[in-house]
Amino acid sequence: MRKHFLKILIITLSLLLNSTLASAFDLFNPDRGKPPPPPPKPTTSTFKKPTKPKTKLINPFKARVSKKTSRQKHKPKKLPPQKDFVLQGTSRFGSRRAAVLKGPNNKSFIQYFENNTRTPLKGFEEYYLVSVQAREVQIEYPADFPCHKDKPKKGLRCDKIANGKTVAILNLKRNEALPPPKASPKKTAKKSKVDEQKKRKELYKNFKKRVIKDEDVPAGMRVVRTPFGDRLVPLK
């Protein structure tokens, strides 16, 4: 009984001591009597995720480059100057055919159609004579210098053939009728005679006169000499 009483006394004294100490410490506390501080508010972030624009932006540089590329793609290729030939005449000697042509240098020349096969033109080796008909010939043009423009006044028409090559079809143009001369008949006749001599001279300028020497005359034959050349005839 005595022990139990002592135990209760000790517990009571301990409680009184703790209460006194707590009051002593609270006496010197500067926040004594103030309400407790409110709890901190939760912070909210103000950062907003950027939204994608509804319309797609156009890159002007890219668009400009694409337009330029498209323009270059459809730009037609500039063709080189075309060399024109003019047909002045055709002839046939048995199976051999020839054409009288005027070249791009405005000079006339005779071109034989050798063995009736594709023949390069004299002075224009990249061009070939491929056909000779009455009043019409065909000239094959090189791939780098195609025939691309018709010239009706010159009797020239362009046409395409196989392998991307082109030909010029030349037709012999008929001379148009000239108006009647206003000069006197004597002057007209004199001028006509001079013109005729010039035409004959031009026609026979490449003609070679045949000359037969006396030592080349065979037995039983004799030489007949003419302005157009010598010929052999049998002795009578």
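This is a predicted model: local features need pLDDT of at least 70, side-chain atom pairs count only at pLDDT 80 or more; totals for chains, interfaces and linings use all residues.
Within it, the antiparallel strands β2 and β3 are joined by six bridges, and A99 stands opposite Q111 in β3.

A further open sheet has five strands, which follow the order β4-β5-β6-β8-β7 and also pair in an antiparallel way. Here the edge strands are β4, made of residues 119-121, and β7, and each of these pairs on one side only. From one strand to the next, the twist averages 35°.

| Strand pair | Bridges | Direction | Facing residues |
|---|---|---|---|
| β2 and β3 | six bridges | antiparallel | A99 and Q111 |
| β7 and β8 | five bridges | antiparallel | C158 and A168 |

The largest nonpolar core holds 19 residues, and those that touch the most other members are F85, L101, L121, V137, I139, Y141 and L170. At least two residues of this core come from each of β2 (96-102), β3 (108-113), β5 (124-133), β6 (136-141), β7 (156-160) and β8 (166-171), while β5 gives the largest share, with four residues.

Which residues does F85 touch, if those up to four places away in sequence are not counted? The contacts of F85 are K102, G103, P104, L121, F124, Y127, I139, Y141, L156 and L170.

Terms used:
Residues are numbered from 1 along each chain as its sequence is written. Side-chain values use heavy atoms; hydrogens and water are left out. A nonpolar core is a set of buried Ala, Val, Leu, Ile, Met, Phe, Trp, Tyr and Cys residues joined through side-chain atoms within 4.5 Å. Buried means under 20% relative accessible area, exposed over 50%, partly exposed in between (1.4 Å probe, protein chains only). Contact means heavy atoms within 4.5 Å. Two strands pair if DSSP finds at least two bridges between them. Axes are lines fitted to C-alpha atoms, for helices over the stretch in contact, and angles run from 0 to 180 degrees between N-to-C directions.
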